[in-house]
Amino acid sequence: MTRLTRADLDALPAYVPGRNVADLARDLGIAEAIKLASNEVPYGPLPGVVEAVTEAAREMHRYPDMGVLKLRDALAERFGVAAERVVTGCGSVALAEVLVKATCMPGDEVLYAWRSFEAYPIIAAGAGASSVRVPNLGDHGHDLGAMAAAITDRTRLIFVCNPNNPTGTALRRPELDRFLAAVPSDVLVVLDEAYRELVTDPAVPDGLATYGDRANIVVLRTMSKAWGLAGMRMGYLVAQPEVAAAVRKVLTPFSTSLVAQAAALAALAQEAEVVRRCALVTAERDRVTEALRKLAIDVPDSQANFVWLPLGDRSAAFGTACESRGVIVRPFQPDGVRVTIGTPEENDAFLAAAEAALAG
């Protein structure tokens with residue numbers, strides 16, 4: 001049979017979403033399962049967002065504003081940057097994909113820590129670029145020294161996930177300063193800050209405020225987490241104008257939908273509520289971390305809305321055991337398990353499932 005697709009994609013793992021809660025509930029014969037496998041915030045849409053989306057939907061027969069002018073202006077004002085530096089897209093992962101497309105030719109290298117965001121190898125392969133994975137340190141954080149040493153004349157883009165998904169670990173300013181000073185000026189560094197709003201450690205720098213004016217820095221963020229727009233797929237980046245302009249050239253036209261633009265604008269008006277909700281999440285994050293440590297799990301400090309259980313070869317079995325008790329978590333066999341912070345009741349259910357899984 002004649003092959004119609006690229007042979008190299010056979011070895012590429014597909015992105016794996018969290019299991020469907022309705023399917024698990026039906027399989028277990030229970031009323032409702034708990035999903036802590038996708039990094040969502042559990043408190044529903046922000047005030048005014050549903051109304052804004054409903055109103056925008058009346059115009060769904062029209063194309064959205066391709067320039068995303070109102071939203072770009074709002075984001076630019078929020079961060080004190082020129083609107084020409086802001087690019088929006090269908091979630092930050094889509095913008096990460098476009099960044100690779102804008103920087104890499106086949107055979108060029110994309111460098112990142114591993115384990116890190118599971119979409120990075122998929123994104124690199126999609127552009128025909130080569131992935132260079134640098135193993136994390138023993139504390140599950142990026143080994144920036146090894147990453148700097150891994151840069152070659154083929155390196156075109158480096159992803160630095162801070163806080164890191166799925167380990168929750170975060171880089172502090174002195175180590176980031178040293179790393180960025182070692183990166184050649186012709187290599188683009190993408191600071192992937194999808195969880196920035198959940199950071200409570202003051203030593204973890206705001207990438208945009210600290211490094212955003214550098215020519216080879218792009219700061220990538222999302223409204224899927226703290227801003228409650230996971231289902232709307234709303235992300236943005238801030239880069240220097242020439243980089244932003246190149247990204248727009250390869251961005252899928254109209255990829256920031258009409259309703260996503262309306263939802264994002266409404267959400268941005270609710271910053272105080274976002275701060276309140278993030279405080280609830282981080283308080284629960286700390287409680288869950290301490291409870292897991294009492295179960296003899298060496299959970300690293302997290303600066304995101306999830307925790308990392310470095311269970312190694314036991315990861316898949318732990319995930320299956322939690323599912324048998326109606327709680328969906330995210331195993332990354334053979335490294336560990338990521339568990340999203342939910343409501344206090346959901347977290348209690350997880351902790352009970354975790355205790356039973358470890359006892360079994």
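## Aromatic contacts in a predicted model

The structure, a predicted model, holds nine aromatic pairs, a pair being two rings of Phe, Tyr or Trp (its six-membered ring) whose centres lie within 6.5 Å, with planes under 30 degrees apart counted as stacked, over 60 as edge-to-face and the rest as tilted. One of them joins F79 and Y236, which is tilted because the planes stand at 35° with the centres 5.9 Å apart. Since F79 lies in helix α3 (residues 69-79) and Y236 in strand β8 (residues 235-238), this pair ties together parts that are 157 residues apart in sequence; helices (H or I, at least four residues) and strands (E, at least two) are DSSP runs numbered from the N terminus.

Another pair, Y112 and W114, is edge-to-face, with 5.9 Å centre to centre and 65° between the planes. Y112 and W114 also belong to one aromatic cluster with F117, Y120 and F159.

The table uses buried for under 20% relative accessible area, exposed for over 50% and partly exposed in between (1.4 Å probe, protein chains only).

| Residue | Relative accessible area | Class |
|---|---|---|
| F79 | 23% | partly exposed |
| Y236 | 4% | buried |
| Y112 | 0% | buried |
| W114 | 18% | buried |

A charge sits over a ring if NZ of Lys or CZ of Arg is within 6 Å of the ring centre and within 35 degrees of the ring normal. R133 lies in this way over the face of W114, at 4.4 Å from the ring centre, and the charged end of R338 sits over the ring of F306, 5.8 Å from its centre.

Residues are numbered from 1 along each chain as its sequence is written, and side-chain values use heavy atoms, without hydrogens and water. Local features need pLDDT of at least 70 and side-chain atom pairs count only at pLDDT 80 or more, whereas totals for chains, interfaces and linings use all residues.
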